[in-house]
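Hello,

Here is the structure I said I would pass on. Please have a look, and then read my notes below.

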Amino acid sequence: MNGSILIIDDEPSICTSLEFALEDDYYVWSATNVEDGFHILKENMIDLCLLDLRIGRENGMDVLKQIKAFDRNIVVIMITAYGSISSSVEALQAGAYSYLTKPLNMDELHSVLQRSFQYVKLHRQVNYLTNELDKKYSQEGFLARSQSMRNVFKLMDKVKQVNTNVLITGESGTGKELAARSLHFSGPRQREHFEVVNCAAIPEQLLESELFGHEKGAFTGAVQTKKGKFEEAEGGTIFLDEIGEMPLPVQVKLLRVLQTKEIVRLGSNQTLYLDVRVIAATNKDLKAEVGAGRFREDLYFRLNVIELHLPPLRERKDDILLLTRHFIQVLNEELNTSIKGMTKRAQQYLEMYSFPGNIRELRNIIESSMVITEGEYIEEEDLPETVAAVEGQEINTDLPGEAGRSLKKVEEEHIKRTLEVFNGRRKRTAQALGISERSLRDKIKRYHLSE
């Protein structure tokens, strides 16, 4: 099917004849009044509307404006027995794509519909590319100077121009989807769709439909035909995230698609031939999963033609401060703040931290610290407790006396001793320390101090 059409005409015979003429090539709905027409528009994804200029007492020009207000992307073709140059011009000015007069010439109608759907395709492609170009695929996770990431960049430069399947491996938060997007949008398929499927987030009974689509009535709840992600990605790339979580029955069907480059929607007998590049990603050891019988070996070799491994952030120490400065700059705009940077001590804590959540966790840490800090620079006390836990590791311990000791540790011990001197009385303690009772209460909570 080439698309979906809604016919709104107050003559039932016109609706019936148009449905009969178009149903072999399009998904067709019809309504003889405006209220029913808008009900169909709200319940279904309509690409094009054939709209009568007069629908009972309704003025089709007003209905045209209402349709465009509802969804400006719906293509509207006006049809009427009262054709005139003035009404034609008015309809085009109001957003109609074309204008036909009754009795309709079916050859002319089919020709206009073909041009209209070509317009729909091009319009969607422009909108898609505009949205995608607004995203920054060369930033954040790929802002790097470490040698390990330079090696990744070199391999990506070689892989982006070919259609070979790629398996991206790495821990959660290392930027696997960003790598996949970069491969797509820097290669020859960049003008086509990049579709994402998270294999871990979709129940098994729905995953097959999500990938390959289904026909109306294929299963309970399938009230209309739906394209799968493979069809949406025609000519482009499909990214199968968390491929290690894909159930074995779906793995079998994916393997066949990779072998034959064709799909069949659920509930259909029609074979669709596709040109789609497949990029998969996992944070699991797929070799171990194969050995355990949870992942098909033949599928593993189909996917893993080229493996692109993204190192964890703890192995990219040279990139931590570079990423930190970038996140501060980006988040200043998002949070409407003016943080200038981090103190040297806070930077040292970050460099000592292991980042189990990798780049995603680093961004969250910076955002949290920027919200908490009261000054222009993020200090170590603004960092989350998970990062502050490294305070037990003394920095620059070769310096004499208290020099080089964590300020947090010194502050904690000083507050604890002062509380002991005043027998836990917070008001006296706060006065002696020169801080408010509220600040003292926050610090007692932060350091888990008892009175």
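Which strands does helix α3 lie across? Helix α3 (residues 60-70) lies across β3 (48-52) and β6 (75-80). Its direction is about 170° to β6. Bear in mind that this is a predicted model.

The sheet
β3 and β6 belong to an open sheet of 5 strands. The order is β2-β1-β3-β6-β7, and the pairing is parallel. β2 (27-31) and β7 (98-101) are the edge strands. Each has a single partner strand, so one side of each has no neighbour in the sheet. From one strand to the next, the twist averages 20°.

Strand β1 (residues 4-8) runs parallel to β2, and 5 bridges join them. In one of these pairs, L6 has W29 in β2 as its bridge partner. Helix α2 (residues 34-43) lies across β1 and β2, at about 150° to β2.

The α18/α19 pair
Helix α18 (residues 426-433) and helix α19 (residues 437-446) have axes that come within 9 Å. They cross at roughly 100°, which means α18 is roughly perpendicular to α19. The contact residues divide into 4 nonpolar, 1 polar and 4 charged. On the α18 side they are R426, K427, T429, A430 and L433. On the α19 side they are E437, L440, R441 and I444.

F355
Is F355 buried or exposed? F355 counts as buried, because its relative accessibility is 0%. F355 sits in the loop between α14 (344-352) and α15 (358-372). Leaving aside residues up to four places away in sequence, F355 touches L313, R314, I320, L350, E361, L362 and I365. The C-alpha atoms of F355 and E315 are separated by 9.9 Å, with the two residues 40 apart along the chain.

Best wishes

Conventions
Residues numbered from 1 in each chain as written. Predicted model: local features only at pLDDT ≥ 70, side-chain atom pairs only at ≥ 80, totals over all residues. Heavy atoms only, no water. Helix = DSSP H or I, 4+ residues; strand = E, 2+ residues; numbered from the N terminus. Buried < 20%, exposed > 50% of the residue type's maximum accessible area, 1.4 Å probe, protein only. Contact = heavy atoms within 4.5 Å. Axes fitted to C-alpha atoms, helices over the stretch in contact; angles between N-to-C directions. Parallel < 35°, antiparallel > 145°, perpendicular 65-115°, else oblique. Nonpolar A, V, L, I, M, F, W, Y, C, P; charged D, E, K, R; others polar. Pairing = 2+ DSSP bridges.
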